[in-house]
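Subject: Structure for you to look at

Hello,

Here is the structure I said I would pass on. Please open it first, then read my notes below.

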Amino acid sequence: MHHQWLLLAACFWVIFMFMVASKFITLTFKDPDGAFSSIEEIPENIVHDHEKNGLPRLSSFSDSEIQKRLNLYFKFFIVRDPFERLISAFKDKFVHNPRFEPWYRHEIAPGIIRKYRKNRTETKGLQFEDFVRYLGDPNHRWLDVQFGDHIIHWVTYVELCAPCEITYSVIGHHETLEDDAPYILKEAGIDHLVSYPTIPPGITVYNKTKVERYFSGISKRDIRRLYARFEGDFKLFGYREPDFLLN
Ligand SMILES: *[C@@H]1O[C@H](CO)[C@@H](O)[C@H](O)[C@H]1NC(C)=O
Ligand SMILES: *[C@@H]1O[C@H](CO)[C@@H](O)[C@H](O)[C@H]1NC(C)=O
């Protein structure tokens, strides 16, 4: 139960981000050296660090405070094609892997490789195939527990954001972010205070070539198991079944 709240809460930092966005200029974002004067100045490593960023997770509140926020706050999250999301998580966390998040490469990747690598003589770092086999394993929870809340980057939206339990004000799509981001700011009533940064052209568009490239060479069995786990995310948020990978 605690674990569930922890995941759920990860979704909510965005809400708080927006709740406080209007006050950003003067307060709220705390770090050891003092407040930042604008969103742009917040270093990337602090954005997700709830100990330091002054944006508490929902799980850090009492039940009544949680309920109050669920009832009163503007609540939204943004989804993207589930397989593109996994590719993006894989690239960000295991290929580029920023200095301030060493645990992905040094703890999580070796853990996945130990359990899921097919070719025992292969010594490369985590491959997308290993990642897919871990995610599609019906017993993935065994490792998830060890990885703690780092799994928020690849756990299903259904598990992470509880869309069936929480009445969200808006659920946006990465693929239509150019429209959805300004819409969300407007609906939240803060469009006169903040604007979404310029989105580089083309980056929100679903890229089938990229998806095919990442999944090429991975067995149909493993891809189907992955799909079985993420099917809820595909169906719930209007994404077509990737039949070009499954059949
Ligand atoms: C396993 O990995 C090694 C090292 O990369 C490679 O030489 C070998 O061909 C691979 N075996 C299979 C069955 O893919
Ligand atoms: C799609 O992905 C491929 C492979 O990663 C890349 O070469 C191509 O530029 C991408 N297309 C677009 C429109 O971004």
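**Rings, core and overall make-up**

K208 lies over the face of F244, 4.7 Å from the ring centre. A charge is counted as over a ring if NZ of Lys or CZ of Arg is within 6 Å of the ring centre and within 35 degrees of the ring normal. R69 is likewise placed over the face of F61, at 3.8 Å from the ring centre.

Some ground rules. This is a predicted model, in which local features need pLDDT of at least 70 and side-chain atom pairs count only at pLDDT 80 or more, while totals for chains, interfaces and linings use all residues. Residues are numbered from 1 along each chain as its sequence is written, chains are lettered from A and ligands numbered from 1 in the order in which they are written, and side-chain values use heavy atoms, leaving out hydrogens and water.

The protein chain has 12 helices and 2 strands (DSSP runs numbered from the N terminus: helices are H or I with at least four residues, strands are E with at least two). Of its 247 residues, 46% are buried (under 20% relative accessible area, with a 1.4 Å probe and protein chains only; exposed is over 50%, partly exposed in between).

The largest nonpolar core has 46 residues (a set of buried Ala, Val, Leu, Ile, Met, Phe, Trp, Tyr and Cys residues joined through side-chain atoms within 4.5 Å). Its members that touch the most others are F83, F94, I112, F131, Y134, W154 and F215. Helix α5 (residues 103–116) gives the largest share, 6 residues.

There are 25 aromatic pairs in the structure (rings of Phe, Tyr and Trp, the last by its six-membered ring, with centres within 6.5 Å; planes under 30 degrees apart are stacked, over 60 edge-to-face, the rest tilted). One of them is F94 with W154, a tilted pair at 5.7 Å centre to centre and 35° between the planes. F94 is in helix α4 (residues 82–96) and W154 in the loop between α7 (141–147) and α8 (157–161), so the pair ties together parts 60 residues apart in sequence. F94 is buried at 7% relative accessible area, and W154 is buried at 1%.

Y116 and Y134 make another tilted pair, 6.0 Å centre to centre with 45° between the planes. Y116 belongs to helix α5 and Y134 to helix α6 (residues 128–136), 18 residues apart. Both are buried.

Regards
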